[in-house]
Amino acid sequence: APRAMADMLDGIVMAEQRFHSEGYQEGYAEGSHAGIAEGRRYGSLHGARIGSEIGCYLGFALTWQCLLQKCTDEKSSKKIKALDSLIGMIKKFPYEDPTYDKMQEDLEKIRGKFKQVCSILNIQSDFRIGTERSSLTF
Amino acid sequence: LSGRGCGGVELSGLWGRGSERGELQPNCSGWTCRAVLGDGHQRTVRRVAWSPCGSYLASASFDGTTCVWKRHEDEFECVATLEGHENEVKSVAWAPSGSLLATCSRDKSVWVWEVDEEEEYECVSVLNAHTQDVKHVVWHPSQELLASASYDDTVRLYREEEDDWVCCASLEGHESTVWAVAFEKGGERLASVSDDRTLRIWRRYNPGNQEGIACNGSDPTWKCVCTLSGYHSRTIYDVSWCHLTGALATACGDDAIRVQLHQGWAALSMKQFPQYPINPSSVTLHCSASVLRTSVEAEPSRRNRPRVSFSRHMSLMALAVFPVSFLE
């Protein structure tokens, strides 16, 4: 029948296009899958890096807060105030929310505060060990 | 006053008026070198600034430090070395009160320092608002408001809020590095110049303004009200806004200094520049040397006639083309 003939011809003529299309769909699906896996790996690595950095600042600040807690002179009170401010900023940071829109901004504020605290405490914020250039990097 | 490295030794030269002729050209007689502060820095001294009281001099260097020198007649003593920036310090500026100092660096941060009665300097804030090299910092003429210009094409403004400093505005519009900013005398306008060859004027709109411009809480909004383009054929490196006449002077990579006057802001009699056929609202001075690194300041004058002063390098060139009298 002419109808069946047309379909069969159609199948042959459109074969290339159909294979292209199927190939594309398969590739796209595979790519998305791989992308999600890679994204997840990258995200957890990046997140760990941030956590490590902020954790370091927190540990540093808490230690100094402890060391200075008995000091009552004016100079120390300024240092304590700055440390409290840094600790407050870190504790307020939303660790659970990767979609927090002010994440970068808040991180920069924390870094800035950390630098200021180091300046007040007279400590070099880049923690270089000996003469090697390998500073504490995150 | 200039800071320039030569042969590996970084110098800050202090020039004073004197009666002897130094090694300078006869045109500049009257200027002698009073002091050389050669031991303060290990690299280029990029900027120097006098404190409002005149007793202190701050110097910003590529070695990452900012030194504060106290003046005793012609002797200078380094009373503080401000460290903390990770790399080259590009600019330093004193607040009008004299108790705050701001520095900025290639490390993308702006630092605010406070000095107490015992001449002790303390960092009060590290501001990471910019995303690239910060080129210039300047204070508002009467308030504790700080402006910074950066390679990230923006100008940021900062103020104090509850014991800490915050970025309260970001002025966007330039299409390339912003090299310098200058406030108008009243502090309601800001001029910025850029690698995009334009000069922009930004105007401040306070909350509740009659033009109906929306403000964020109690912070004023700054809007670009004028963009001067087509006048400069190269990067504009510096701008200065005369607090007496309202004239704006710009330093440009095309070897010219331009002085812009706006009828609405200040009127300047054209009698001052008689020998040049000029467009009534601007004067262009062409010099034979590039004004790449020169700061141009328009000085207020006692006799109501504005005088423009240049750094020593430029003055020799400028005098040859334009008989401007120098600040005495």
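Reader: How many residues of domain 1 of chain B are in contact with domain 2 of chain B?
Author: This is a predicted model, in which local features need pLDDT of at least 70 and side-chain atom pairs count only at pLDDT 80 or more, while totals for chains, interfaces and linings use all residues. Residues are numbered from 1 along each chain as its sequence is written, chains are lettered from A and ligands numbered from 1 in the order in which they are written, and side-chain values use heavy atoms, leaving out hydrogens and water. The domain assignment, automatic or from a database, gives chain B domain 1 (37-172) and domain 2 (176-264 + 281-289). If contact is taken as heavy atoms within 4.5 Å, domain 2 of chain B brings 18 residues to this meeting, and domain 1 of chain B brings 22 residues.

Reader: What area is buried between domain 1 of chain B and domain 2 of chain B?
Author: Buried area is the accessible area (1.4 Å probe) that two parts lose on being put together, summed over both. Carbon and sulfur atoms give 65% of the area buried between domain 1 and domain 2 of chain B, and the whole comes to about 1700 Å².

Reader: The side chain of Asp219(B) meets which residue in a salt bridge?
Author: A salt bridge needs a side-chain nitrogen of Lys or Arg within 4 Å of a carboxyl oxygen of Asp or Glu, and the count between the two domains of chain B is 1 salt bridge. For the side chain of Asp219(B), the N to O distance is 2.7 Å, and the partner is Arg159(B).

Reader: Is Thr198(B) buried or exposed?
Author: Thr198(B) is found in the loop between β17 (189-194) and β18 (199-205) of chain B, where strands (E, at least two residues) and helices (H or I, at least four) are DSSP runs numbered from the N terminus. Its side chain makes a polar contact with the side chain of His174(B) at 3.3 Å; such a contact is a pair of N or O atoms within 3.5 Å, where within protein one must be able to donate a hydrogen and the other to accept it, and residues adjacent in sequence count only if both atoms are side-chain atoms. On the scale used here (buried under 20% relative accessible area, exposed over 50%, partly exposed in between, with a 1.4 Å probe and protein chains only), the relative accessibility of Thr198(B) is 7%, so Thr198(B) counts as buried.

Reader: Which element gives the largest share of the side of chain A that touches chain B?
Author: The contact takes 11 residues from chain A and 12 residues from chain B, and 5 salt bridges are found across this interface, among them the one joining Asp164(B) and Lys113(A) at 3.4 Å, N to O. Two or more residues of the side of chain A that touches chain B come from each of α3 (74-92) and α4 (103-121) of chain A. The largest share, 8 residues, comes from α4(A).
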